[in-house]
Amino acid sequence: MIEINGLCRSYNNTEVLKNVTLSFEPGTLTAVLGRNGSGKSTLARHINAILLPQRGYVRVDRLDTSDDSLVYDIRERVGMVFQNPESQAAASIVEDDTAFAPENLGLDTDEIIKRVDTALRDAGIEHLRKKPISALSGGQKQLTAVAGILAMRPGYMIFDEGTSMLDPESRKRVMDCVIRLKNELGIGIIWITHYMEEAIAADRVIIIDRGAIKADGTPEDVFSDTELIADSGLELPPSARLCMRLIKEGFDIPLALTAEDCAKEIHQLAQRLTEEKR
Ligand SMILES: Nc1ncnc2c1ncn2[C@@H]1O[C@H](COP(=O)(O)OP(=O)(O)OP(=O)(O)O)[C@@H](O)[C@H]1O
Ligand SMILES: [Mg+2]
C-alpha cells in the first residue's frame, strides 16, 4: 500500500499541496483528475521520492520516502511513465531498453533474459523486441516505457498524462494494457489524466483542486455530483454530457457514463416515447 499522510508542499510561499492524506492499494486503477496546476504531478513526484515531503510523510509498502537509503528500493516498486513518448528510452533497441533496469540492478544474465521476456509479453510488445525505438509509433513507445518498468517487477505504476500525446487508438491500446496489468499482475495504477472518458474506466476517481483532495470515490459517485465537477474546472465524460443535455431538454434519462450505457438509455427512452405516442 502507498500511504500519504498530511503531505504539504509549497513553492515560494504558495501552497501547492495542502495537507493531503490518501492511500493507494495494489490491484486498483485510480484516476487522478484536476485542472492545470492543481498539484497532480507534484503529488505523483512525491510517491516515488523525486520530491520529499516538507511536512507529513509518504510510505510505499511501509518504506518512508524521506529515508535516503530506501530511495532506490522505492523507485523499483513505483515506476513512472511520463507524457512524452520521445524522452523516456535508455537504449535504441526495444529489448535493450527493457533490459536496462534489470542490468542496472546487477541481476545475472539468466534472470535478465527472463525478466525482459516476461516484461515484453506483459506489455504486449514481444513482436517489437528487435525494433529500433525511433521506428515505433507514440503508443508503441509508451508501451516500451511500460515494459522497461515491468522488468523491475513494480508493485505500482504512475502514469502522469501518459496518453496525452497519443492518438485515440494508441491511447486505448495503452489503457487496455494497463487494465490488464492491474487485473492479471495486481499492479496498483495511478492514472493522471485530463480525459474524462479514461477516468470512467478506473475503479476509483480522485479530484485534486488547488492542492487539496476534493472528491474520492467510484466514477459513478464522483461524476454524479455535476456541480463539484464544474467547480473543479472539469467536464463530465462525453456520454454524461449528452445525457445532461437531454435532461435539460426535459427528457427522463439517467446520467450514463459509458458510450454503451448511454446508447442503451437513449434506445430505451426512444422506445418509451414511441409507446407513449401510440
Ligand atoms: N519546481 C517548481 N517551482 C515552482 N512552482 C512549481 C514547481 N513545480 C510546480 N509548481 C507549481 O505548483 C503548482 C502545481 O503544479 P503541478 O505541476 O503539480 O500541477 P498539475 O496538476 O500537474 O498541472 P498540469 O495538469 O498542468 O500538469 C502549479 O501552480 C505550478 O506552477
Ligand atoms: Mg502535471
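**Notebook: sheets, helix packing and the ligand shell**

I began with a single pair in the predicted model: Ile2 stands opposite Val60 of strand S4. I then noted that H1 packs on the sheet, where it touches S1, S2 and S4. The direction of H1 makes about 55° with that of S2.

**Entry: the four-stranded sheet**

I looked up how S1 and S4 are joined. Strand S1 covers residues 2-11 and strand S4 covers residues 55-60. Five bridges link the two, and they run antiparallel. I next traced the strand order and recorded S2-S1-S4-S5, an open sheet of four strands with antiparallel pairing. Its edges are strand S2 (14-24) and strand S5 (63-64), each of which pairs on one side only.

**Entry: the six-stranded sheet**

I followed a further open sheet, of six strands, in the order S6-S7-S8-S3-S9-S10. I recorded its pairing as mixed. Strand S6 (78-81) and strand S10 (212-217) are the edge strands, each pairing on one side only. I noted an average twist of 20° from one strand to the next.

Within this sheet I checked S3 against S8. Strand S3 (residues 29-33) and strand S8 (residues 188-192) run parallel and are joined by four bridges. Which residue of S8 is the bridge partner of Ala31? I found Trp191 in that position.

I returned to H1 from this side. H1 lies across S3, S6, strand S7 (156-160), S8 and strand S9 (204-209). Its direction runs at about 155° to S7. I therefore have H1 on record against both sheets: touching S1, S2 and S4 in one, and lying across S3, S6, S7, S8 and S9 in the other, a reading that rests on contacts between C-beta atoms within 7 Å.

**Entry: surroundings of ligand 1**

Which residues surround ligand 1? I listed Tyr11, Val16, Gly34, Asn36, Gly37, Ser38, Gly39, Lys40, Ser41 and Thr42. By class I have two nonpolar, seven polar and one charged residues in this shell. Helix H1 (residues 40-47) supplies the largest share of the shell, three residues.

I turned to helix pairs. For such pairs I noted the angle between the axes and the distance between them, by which two packed helices are described.

The axes of helix H3 (residues 94-104) and helix H4 (residues 109-122) come within 9 Å and cross at roughly 130°. I recorded the crossing of H3 and H4 as right-handed. On the H3 side the contact is made by Glu95, Thr98, Ala99, Pro102 and Glu103, and on the H4 side by Glu111, Ile112, Arg115, Val116, Ala119 and Leu120. I sorted the residues of this contact into six nonpolar, one polar and four charged.

H3 also meets helix H5 (residues 138-150). I noted that the axes of H3 and H5 come within 7 Å and cross at roughly 35°. H3 passes H5 in a right-handed crossing. From H3 I listed Val94, Asp97, Thr98, Phe100 and Ala101, which meet Thr144, Ala147 and Gly148 in H5. I counted four nonpolar, three polar and one charged residues in this contact. Thr98 of H3 is among the residues in contact with H4 and also among those that meet H5.

**Entry: H10 with H11**

I listed Ser239, Leu242 and Cys243 of H10 together with Ala259, Asp261, Cys262 and Glu265 of H11 as the residues that make the contact. Their classes are four nonpolar, one polar and two charged.

Note on methods. Residues are numbered from 1 along each chain as its sequence is written. Chains are lettered from A and ligands numbered from 1 in the order in which they are written. This is a predicted model: local features need pLDDT of at least 70, side-chain atom pairs count only at pLDDT 80 or more; totals for chains, interfaces and linings use all residues. A residue is near a molecule or strand if its C-beta atom, placed from the backbone, lies within 6 Å of it. Ala, Val, Leu, Ile, Met, Phe, Trp, Tyr, Cys and Pro count as nonpolar, Asp, Glu, Lys and Arg as charged, and the others, Gly among them, as polar. Two strands pair if DSSP finds at least two bridges between them. Two residues are in contact if their C-beta atoms, placed from the backbone, lie within 7 Å. Axes are lines fitted to C-alpha atoms, for helices over the stretch in contact, and angles run from 0 to 180 degrees between N-to-C directions. A crossing is left-handed if the near helix is turned anticlockwise from the far one by less than a right angle, and right-handed if clockwise.
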